[in-house]
Amino acid sequence: MGKDAKARTHMGKLLTFVPTGEYYFTKGLKAFHRRDFIKAKKYLGRAMQLEPGEPMIICQLAIVSTELGEFENSNRLLHLILEELDQEMVECHYFLANNYAHMGFFKDAYHHAKLYLQLDPDGDFSEDTEDLLDVLTFEAEDMDDDLYQQDDLIVKQEQARDLLESGYFPKAIELLKDVVKDYPEYWSAYNNLALAYFYLGKTEKAESILDDVLERNPGNLHALCNRLVFAHYQGQAKNVTGLTEILKKIQPLLSEQQFKLGASFALVGEYELAYLWLKKLYKHGFDGDGPFYYWLSHSAYYTGNENFAKSIWKKVLELNPDKEGSEPWNKEDAPATGFEDLSGSIFQKLDSDYVEERLFALFLTTVSSKKEEIMTSKRLFQNHKFTSLEKEYISLIRSGKPSRTAEAQEIAELFYENYQPIGTIESGLYLMWFSVYVEVSKDKLQLKNKHAWAGAVEYMWHKLRSEKVSQQEIADRYGISSATIGKYVKIVNNYLN
C-alpha cells in the first residue's frame with residue numbers, strides 16, 4: 001500500500017476530504033502572491049461560496065477583482081462588506097477610493113479617501129490615502145476641475161429633488177434637461193425627469209424616458225420603481241401587482257437603492273416590504289433625509305410598530321415641520337395636507353421663473369390656512385419677478401376688486417371643488433390651467449363660459465395622463481353639452497401645443 005493510500009486509511013475506514021472556505025482562501029492568497037489573478041479569483045470565489053458571510057474572504061476577492069480591472073464587481077463586494085457584514089472594516093473605503101479613481105469618478109474617490117482618513121487616521125493605508133488625495137486634487141485641476149463639476153452635478157440633483165418635492169415641476173424639468181445633456185448616462189437625473197413630466201401630467205413623455213433608461217441600462221432599479229409608482233397613481237392594479245412581484249426578488253446592495261425600493265413599496269401600500277428595507281437601513285445607521293423618516297414612520301405604523309413609528313415621527317418634524325398633522329395615526333381624523341397649507345412651498349413657487357407657477361402660488365394662497373401670513377410677508381412685497389398679471393391677482397386677493405385675473409381664479413375654484421387637497425398629482429391640473437391662462441391673457445380673450453374652459457382643461461389633463469375619461473363624462477360634471485366641451489377642447493389643445 002502506498003503512502004497516499006495509508007494517509008487516507010484510518011481504523012479500516014476511508015476518510016473523505018471536505019475542503020473548507022479557509023482551505024480555498026489560503027490557495028487563493030498563494031495564487032494572488034504569485035500574481036496569478038485568474039486562479040486567485042477562482043479559489044477565492046469558491047471560498048466565498050463555502051463561507052458567504054466572511055468579510056476577509058470577500059475583501060480579498062474584491063482586491064483580486066481590482067487587479068483584473070473588474071472595478072464594478074470589486075465595488076459591489078466592498079459595499080456588501082460595509083453595508084451588510086462589517087462596517088468597522090474601514091480599509092474598504094481605501095479600496096473603494098482607488099477603484100473610483102481608476103474609473104474616473106473623482107468625487108466618489110475623494111469621498112471614500114476622506115472617510116478612510118477620518119475613521120482610521122493612523123491606519124495601514126493612511127500614507128497611501130494622503131498620496132491619493134494629492135493625485136485626485138491634481139487630476140481635478142488638470143481635467144477642468146472635474147471633481148468640482150461632479151460636486152456641481154450633485155448640487156443640481158439635490159436642487160431638482162427639492163423642486164420635485166415642492167411641486168415645482170417646470171423648473172425641475174429645465175434643470176434636469178441640462179443635467180442629462182451634460183451627463184448622458186446619469187440615470188438618476190433621467191428618472192427624476194420622468195417623475196417631473198409625470199406629475200405635470202405628461203404621462204407619455206414620462207413613460208418614454210423610462211423606456212429609454214431601461215433599454216440603455218437594463219434592470220435600472222429606479223426606473224422600475226418609478227414604473228410601479230406611475231402604475232399606482234394611474235390605478236393600474238394589474239401592473240402594480242406584476243411590478244411588485246418583480247421588485248420583491250431584487251436584493252440591492254447600495255443603501256440609496258434600498259431606500260428607493262422601500263419608499264416605493266410604502267407609497268403603493270406594500271408596508272411589510274417597505275418596513276423590511278427601511279428598518280434595515282435605519283439599523284445600519286443610514287443618514288436619511290425627511291422622506292426616509294416619513295416613509296419609515298408610515299411603514300412602521302401600518303405593520304403594527306406604533307411606538308417606533310411615533311419616535312421616528314419626531315425626526316420627521318425636526319427635518320420638515322410642515323409635516324405636522326400628516327401623521328399616519330391621524331389620517332382618519334385629520335384632513336390631509338396639501339400644498340395650499342404649506343407656506344414654504346407657496347413662497348418657493350412665488351419665486352419661480354415661470355409666470356404660471358407664480359399664479360398657481362397665488363391661487364394656493366386664496367385657499368390656504370396660511371393666507372394672512374403669506375399676504376403680509378416681506379417676501380411678497382419685495383418680489384421683483386411679478387408681472388402685471390400677478391400684481392392684479394394680488395390686488396384681487398386683498399380687496400376683491402374685479403380684474404381679468406378674477407376669471408382665472410373662478411375657474412381654478414371649479415377645480416378645487418373636486419381636486420383638493422392639492423398634492424403633486426393635482427398640481428399638474430392647476431399648472432396646466434394657469435399655463436393656458438397666461439397665453440389666453442396675451443390674446444385678451446374673455447373667459448365667459450368658465451365651466452367650458454374648466455371642463456376642457458380637465459379633459460386634456462386626463463388625456464395627457466393616459467387616463468380613460470370621455471368628453472361626455474366631463475361635460476356632465478360641469479353641466480355643459482358635449483358639443484360645447486368638444487369646441488373648447490380644441491381651443492385648449494391649440495394653446496397647449
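This is a predicted model: local features need pLDDT of at least 70, side-chain atom pairs count only at pLDDT 80 or more; totals for chains, interfaces and linings use all residues.

Author: Residues are numbered from 1 along each chain as its sequence is written, and side-chain values use heavy atoms, with hydrogens and water left out.

Reader: Why are α19 and α20 called roughly antiparallel?

Author: The axes of α19 (residues 343-350) and α20 (residues 355-366) cross at roughly 150° and come within 7 Å. Axes are lines fitted to C-alpha atoms, for helices over the stretch in contact, and angles run from 0 to 180 degrees between N-to-C directions. Angles under 35 degrees count as roughly parallel, over 145 as roughly antiparallel, 65 to 115 as roughly perpendicular and the rest as oblique, and α19 and α20 are therefore roughly antiparallel to each other. The crossing of α19 past α20 is left-handed, meaning that the near helix is turned anticlockwise from the far one by less than a right angle (clockwise would be right-handed).

Reader: Which residues of α19 and α20 meet?

Author: On the α19 side they are I346, K349 and L350, and on the α20 side E357, R358, F360, A361, L362, L364 and T365, with contact taken as heavy atoms within 4.5 Å. By class, this contact of α19 with α20 has six nonpolar, one polar and three charged residues.

Reader: What makes α19 largely enclosed by the rest of the structure?

Author: A residue is buried under 20% relative accessible area, exposed over 50% and partly exposed in between (1.4 Å probe, protein chains only). Six of the eight residues of α19 are buried, so this helix is largely enclosed by the rest of the structure; the buried residues are S343, S345, I346, F347, K349 and L350. Their cover includes α20, α21 (371-375) and α22 (378-381). Across the protein chain, buried residues make up 47% of the 497 residues.

Reader: How do you know that α13 and α14 are roughly antiparallel?

Author: The axes of α13 (residues 221-233) and α14 (residues 237-248) cross at roughly 155° and come within 9 Å, and the two helices are therefore roughly antiparallel to each other. Their crossing is left-handed. The contact brings L221, L224, C225, R227, L228, A231 and H232 of α13 together with N239, V240, L243, T244 and L247 of α14.

Reader: Why does R35 count as exposed, and where does R35 lie?

Author: R35 has 57% relative accessibility and therefore counts as exposed. R35 is placed in the loop between α2 (21-33) and α3 (37-50), and has a positive phi of about 65° although it is not a glycine.

Reader: What is the relative accessible area of K444?

Author: The value for K444 is 74%, so K444 is exposed. K444 lies in the loop between α25 and α26 (450-464) and, although not a glycine, has a positive phi of about 60°.

Terms used:
Helices (H or I, at least four residues) and strands (E, at least two) are DSSP runs, numbered from the N terminus. Ala, Val, Leu, Ile, Met, Phe, Trp, Tyr, Cys and Pro count as nonpolar, Asp, Glu, Lys and Arg as charged, and the others, Gly among them, as polar.
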